[in-house]
Number of protein chains: 2
Amino acid sequence: MTIETIQNGHVTMPKGFLAGAVSAGIKTRAGALDLCLLYSERECTAAGMFTQNLVKGAPVVLTAQNVSDGKLRAIVANSGNSNSLNGPGGMEDARQMVAMAASTLGLNNQDVAVCSTGITGVRMPMAKVRTHLPTVSISAEGGHDLAEAIMTTDTRPKQIAVSVSTANGSYSVAGCSKGSGMIHPNMATMFTFVTTDAVVELECLRGLQREVAGKTLNMISVDGDTSCSDTFLVLANGAAGLPRIESGTPEAQEFQEALLTVCTHLARELARDGEGARHLIEVAVTGATTLEGARAVARTVSTSPLVKTAVAGYDPNWGRILVAAGRAGAPLEEAKVSMSLQGELIFQRGLALPFDEPAMSKKLESEEVKIEIDLGLGEASATAWGCDLTTDYVHINADYRT
Amino acid sequence: MTIETIQNGHVTMPKGFLAGAVSAGIKTRAGALDLCLLYSERECTAAGMFTQNLVKGAPVVLTAQNVSDGKLRAIVANSGNSNSLNGPGGMEDARQMVAMAASTLGLNNQDVAVCSTGITGVRMPMAKVRTHLPTVSISAEGGHDLAEAIMTTDTRPKQIAVSVSTANGSYSVAGCSKGSGMIHPNMATMFTFVTTDAVVELECLRGLQREVAGKTLNMISVDGDTSCSDTFLVLANGAAGLPRIESGTPEAQEFQEALLTVCTHLARELARDGEGARHLIEVAVTGATTLEGARAVARTVSTSPLVKTAVAGYDPNWGRILVAAGRAGAPLEEAKVSMSLQGELIFQRGLALPFDEPAMSKKLESEEVKIEIDLGLGEASATAWGCDLTTDYVHINADYRT
C-alpha cells in the first residue's frame with residue numbers, strides 16, 4: 001500500500017462528492033464566503049464526533065441526531081454565527097437550515113448535517129440563509145470554496161487529499177478543517193469534514209474515527225477553551241467501487257493509516273494557525289506509564305500559557321516546561337525525566353545540562369518548535385500540538401465581538 | 001466578636017513576631033529587597049500547605065518536612081531564584097539556607113522553614129546568601145520589608161492585619177502574599193505567610209487552614225499554571241496570652257472568620273495584581289448540585305482565556321462565559337442557567353435578555369468585574385477570583401528570563 005498526498009487537495013477530490021459556497025452576508029466582511037454545501041451523489045456511511053461541552057450549539061444537537069443512524073448525504077455549514085445559546089428558537093433555525101438544504105439537494109432532512117461557527121448568542125440571520133442557500137452551486141471543484149467558507153479567525157484554509165493505492169485498487173481520503181481558537185480538548189477543532197470514496201462498514205468507520213481523533217484532533221490546543229460547536233464528520237460514499245472495508249482486516253488498517261495522515265496534517269495546520277500564533281509547538285512525550293498519562297503531559301505542556309509565552313519570546317525557559325509537566329496529573333519523578341529542545345538534550349535524568357542559550361534562542365526562531373520529554377518510567381508515548389501565545393491572540397480575542 | 005482591619009497592617013503586628021529584609025543581589029534589580037527572615041520570639045504551632053505539582057522546589061520539600069511536627073519558629077525566604085529543578089545540589093543549598101538562618105537566630109534547623117521564588121533551574125547564589133543573611137536586622141516593624149522582599153513580578157506588596165476582639169480578650173491575625181503568575185489551583189499562591197498571637201491547638205489550626213484555603217487561596221488563578229514553589233504557612237505563637245483555641249468551639253469559629261478575612265483579602269489582591277492585569281474578575285456561582293461543581297464552574301470561568309481577553313477588551317461577550325461554564329465538568333443544563341454581569345441580569349433560564357451593549361461595555365471599564373452564574377440545579381455555591389488577560393501578560397512572560 002502507498003499513501004500519496006495530492007497537490008492542492010480538497011474534500012471534493014474523492015469521487016462522487018460535490019461542494020460549493022456563497023457569500024450570504026453572515027460574516028461582516030463584505031464578499032466573504034460564509035455559507036456552503038457538501039453533497040455526495042451516493043449514499044454514505046457516516047460517523048460523527050462532537051464537543052463534550054455541556055453547552056452545545058443547536059446545530060451540534062441536531063447533527064448528532066441525524067448522523068446517529070450512520071448515514072448522511074450532505075452538510076450545510078456556515079461561518080459568522082454559531083447559532084448557539086439561542087434557546088428553542090436556535091433549534092428551530094437549525095432545523096430550517098437542514099430542511100432548506102435537503103429541499104435544495106432533493107434529500108431527506110435526516111440525511112443532512114448542519115454546522116455553524118462564529119459568534120454565540122445571536123440569532124442566525126435566517127432571511128440571508130433563505131435567500132442565498134438555494135443559490136449555492138455545487139461541483140467537483142467546490143472543495144476549496146467550502147474550506148474557505150467555514151473559516152472564522154483562521155488566516156488560511158486547511159485541507160488535504162491523499163490517494164491510497166492498495167492491492168484491491170485505489171481510493172482517496174480528503175479533509176478540511178477550520179480552527180483556530182477554542183480548539184481544546186476532546187474534539188479539538190471546531191469543524192473537520194473528511195470525505196472518502198472508499199466504502200467502510202459503519203462500526204469500523206466509527207471505531208477508526210475515534211482511534212484517529214484520539215491521536216490527532218484531540219491532541220491539539222490553542223487556548224484551552226472548548227467550543228460549543230466542535231464537529232468532526234467522516235463521510236464514506238464507496239464511489240471508488242472497491243470492496244467494503246471491514247473491522248480487523250488489513251484493509252481497515254490501511255484505511256486507518258490514510259485517515260491518520262489526513263487528520264495529522266489537519267491537526268498540525270489547526271495548531272499552526274492558532275489565533276495570533278507564529279510557532280507550531282510539537283510536544284512528544286515518551287516513557288510514560290500509561291497512554292492517558294503520556295497524553296495528559298503532552299497536552300498540559302502544549303497548553304501552558306507560560307510555555308506558550310516563552311516560545312513567543314524565543315526563550316529557552318525549560319523550567320516552565322518541566323513545571324507544566326509536573327502538574328499534568330500523571331506520574332512523574334523529577335530525577336528520571338529527560339528533555340530535549342529543538343533536538344538538543346538539555347535536561348538529563350533530573351539534571352540540567354549546560355547549553356548555549358543565545359544559540360538555542362536562535363533555534364527557537366524556527367517556525368516549528370519541538371519539545372521532547374522522556375519521563376523514564378514506562379513505555380507509553382503521545383504527541384500533542386499547540387502554538388505560542390502572542391499579543392496578537394489577546395488583540396484578536398479582546399476585539400472579536402464588538 | 002468583632003474583626004477590625006488595622007491600617008497599614010503587616011505580619012509583625014501580632015505580638016512576638018519580628019522580621020527584616022536585605023538586598024542580597026539575588027534579584028537583578030539593584031537594591032531590591034530579596035532576602036528576608038520572619039521570626040517568632042515564642043514557640044509556634046504551625047501548619048503548612050504546599051504545591052500539588054509533582055515537580056517541587058527543594059525548599060518546598062524541606063519546609064514540608066520541617067513543619068510536619070506542627071512547630072516552626074522562623075521562615076527564611078528569598079525572591080529572584082526558586083531553587084527548583086536543581087537536583088540534589090538544590091536540596092543541599094536549601095539545607096544550608098535553613099542552617100544559616102537557624103544559626104543566625106539561635107534555633108534548631110527543624111524549626112526553620114525556607115521559601116524561595118523566582119527563576120527555575122538555576123543554582124541559588126549561595127555566596128550572596130552567606131554574605132547577606134547574617135546582616136538581616138529583624139524588628140517588630142519589619143513586616144512591610146518582608147512583604148516587599150518576597151515579590152517577583154508583583155507590582156505591589158500584599159499584606160493585611162486584623163484585630164479580633166472576643167469575650168476572652170483580643171488577638172491579631174496578619175498575613176502577606178506574593179503572586180502573581182502561576183497561581184493556580186490547589187495552592188493558589190506562590191507564598192502566603194500568616195501570623196497570629198492567638199494560641200491554636202495543632203489539629204484545629206490544620207483543619208481551619210485547609211477549610212479557609214479551599215475558599216480563598218485555592219479559588220484564584222492568573223494563568224492556569226501551577227508553580228513548583230507554592231507555600232502557605234500559618235504560625236500561631238500565643239503571645240496574646242489568651243486560652244488555647246480548640247476544634248469545634250465558638251473560639252475556633254471566631255478564629256476561622258478572622259483567618260477567612262485575612263486570606264480573602266490576600267486572594268483578591270493576588271488575583272487583582274495578576275501579571276499584566278487591569279481588572280479583578282469575581283465569579284460567583286450559585287445553584288450548583290455540589291460544592292465541587294460550584295468551585296469547578298467558578299474556577300473554569302475565571303481561568304478561561306476567552307473570558308479573560310473579553311474582559312480586557314470591555315467586551316460583554318457573555319456567550320464565552322456560558323461556554324466556559326459548560327466545559328467545567330459539573331452538571332449544567334443550558335435551559336436552567338441564569339447569569340448577571342456587573343449586577344445586571346442578561347441571561348435568564350436559557351434565554352438571552354436584551355441589554356444596552358455600549359452601556360455594559362462602559363460598566364466593564366470598572367476595575368472590578370463581577371460575573372454571577374446561577375446554575376438553577378441545587379444549593380451549592382462558590383466564588384473564584386481571576387484577572388483579565390492582556391498583552392502585558394504576554395510581554396511579561398515572553399521576556400521574563402532572557
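## Basis of the model

This is a predicted model, in which local features need pLDDT of at least 70, side-chain atom pairs count only at pLDDT 80 or more, and totals for chains, interfaces and linings use all residues. Residues are numbered from 1 along each chain as its sequence is written, chains are lettered from A and ligands numbered from 1 in the order in which they are written, and side-chain values use heavy atoms, with hydrogens and water left out.

## How the copies are related

Two copies of a chain are related by a rotation about an axis and a shift along it.

Contact here means heavy atoms within 4.5 Å.

## The interface

On each side the count is 53: 53 residues of chain A are in contact with 53 residues of chain B. The two chains bury about 4,400 Å² between them, and 60% of this is on carbon and sulfur atoms. Buried area is the accessible area (1.4 Å probe) that two parts lose on being put together, summed over both.

What polar links cross the interface of chain A and chain B? The rule finds eight residue pairs in polar contact, both residues at pLDDT 80 or more. A polar contact is a pair of N or O atoms within 3.5 Å; within protein, one must be able to donate a hydrogen and the other to accept it, and residues adjacent in sequence count only if both atoms are side-chain atoms. Salt bridges number zero. That rule asks for a side-chain nitrogen of Lys or Arg within 4 Å of a carboxyl oxygen of Asp or Glu.

On the side of chain A that touches chain B, the elements giving two or more residues are α2 (87-105), α8 (305-312), α9 (318-326) and α11 (391-398) of chain A. Such elements are DSSP runs numbered from the N terminus: helices are H or I with at least four residues, strands are E with at least two. The largest share, seven residues, comes from α9(A). By type, this side has 24 nonpolar, 20 polar and nine charged residues. Ala, Val, Leu, Ile, Met, Phe, Trp, Tyr, Cys and Pro count as nonpolar, Asp, Glu, Lys and Arg as charged, and the others, Gly among them, as polar.

## Asn237 of chain A

Asn237(A) sits in the loop between β9 (231-236) and α6 (250-272) of chain A. Its relative accessibility is 3%, so Asn237(A) counts as buried. Buried means under 20% relative accessible area, exposed over 50%, and partly exposed in between (1.4 Å probe, protein chains only).

Which partners does the side chain of Asn237(A) reach? One is the backbone oxygen of Lys15(A), at 2.9 Å. Another is the side chain of Ser40(A), in a polar contact of 3.4 Å. Beyond its neighbours within four places in sequence, Asn237(A) has contacts including Phe17(A), Arg42(A), Cys44(A) and Asp197(A). Asn237(A) and Thr45(A) are 192 residues apart in sequence, yet their C-alpha atoms are 6.4 Å apart in space.

## Helix α1 of chain B

Helix α1 of chain B spans residues 58-67; seven of its ten residues are buried, so the helix is largely enclosed by the rest of the structure. The buried residues of α1(B) are Ala58(B), Pro59(B), Val60(B), Leu62(B), Thr63(B), Asn66(B) and Val67(B). They pack against β3 (35-50), β4, α2, β5 (112-119), α5 (202-215) and β9 (231-236) of chain B.

## Buried strand residues of chain B

Thr231(B) lies in strand β9 of chain B. Thr231(B) is buried at 1% relative accessibility. Its side chain reaches the backbone oxygen of Ser229(B) at 2.9 Å.

Ser177(B) belongs to strand β7 (residues 169-178) of chain B. Its relative accessible area is 0%, so Ser177(B) is buried. The side chains of Ser177(B) and Thr192(B) are joined by a polar contact of 2.7 Å.

## Positive phi in loops

Leu85(B) is not a glycine, but has a positive phi of about 55 degrees. Leu85(B) is in the loop between β4 (71-81) and α2 (87-105) of chain B, and is buried at 2% relative accessibility.

Gln342(A), also other than glycine, has a positive phi near 50 degrees. Gln342(A) is in the loop between β11 (338-341) and β12 (344-348) of chain A. With a relative accessible area of 18%, Gln342(A) is buried.
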